[in-house]
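Me: Could you take a close look at one part of this model for me? I'd like to go through a pair of strands and what surrounds them.

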Amino acid sequence: MLLIAVLAGALLSGCMLPAGPVQSGGGAAAPLRGFAVGVDEALAPRVPSVHLRVCGGWGCDELDVPLMISGRMSPIPCTSDTCGAVQIPSSGPGYGYAPVPKLTMDAVTVTVTAPLVSDAPVTVRPTGVCPGTASGCADPTPQGEIRIAADGTVSQSR
């Protein structure tokens, strides 16, 4: 389990990213099409993963999304060519990401299945995200964001 936390921390800190990340236009990494999933802190420890069903004009995608808890991070000693961070056990909101390659800017129906979570379908309209900190790019990437509240209800959060 510690190894997983160390590897996740290293990936999050950027130390283990491939030398040539996907680039888009101005040199910033291209955002991925898909859904960010956020879980309120009160519910996050009891919901380690969710199952998403995302349906749009292309059909439906079914995805299992592991969730992590946003805890404090601590750096670990660097070797000559690697460094990273480890997540310290603590409480915080949960988060995860589900890639949906066929996602467009059109509204989709999202159904979340997990213990303690309402499985009522939610209509979500993705927003356009540009590479890096750019805004108003010519070809924004569709991304959606859903939030699971402490009472288990699901809503669009962005």
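Reply: R53 has T111 of β10 as its bridge partner, in what is a predicted model. That contact belongs to the pairing of β4 (residues 49-56) with β10 (residues 108-113), which runs antiparallel over five bridges.

Now for the cysteines. C55 and C60 make a disulfide with their sulfur atoms 2.0 Å apart. The torsion about that S-S bond of C55 and C60 is about 110 degrees, so this disulfide is right-handed. As for C60, its relative accessibility is 35%, so C60 counts as partly exposed.

Searching the whole structure turns up two disulfides, and the other one to look at is C130 with C137, where the sulfur atoms lie 2.2 Å apart. The link of C130 and C137 has -90 degrees about the S-S bond and is left-handed. Buried means under 20% relative accessible area, so C130, at 11%, is buried, whereas C137 counts as partly exposed at 24% relative accessibility.

Counting bonded cysteines along the protein chain, the disulfides follow the pattern 1-2, 3-4.

Methods. Residues numbered from 1 in each chain as written. Predicted model: local features only at pLDDT ≥ 70, side-chain atom pairs only at ≥ 80, totals over all residues. Heavy atoms only, no water. Pairing = 2+ DSSP bridges. Helix = DSSP H or I, 4+ residues; strand = E, 2+ residues; numbered from the N terminus. Disulfide = S-S within 2.5 Å. Buried < 20%, exposed > 50% of the residue type's maximum accessible area, 1.4 Å probe, protein only.
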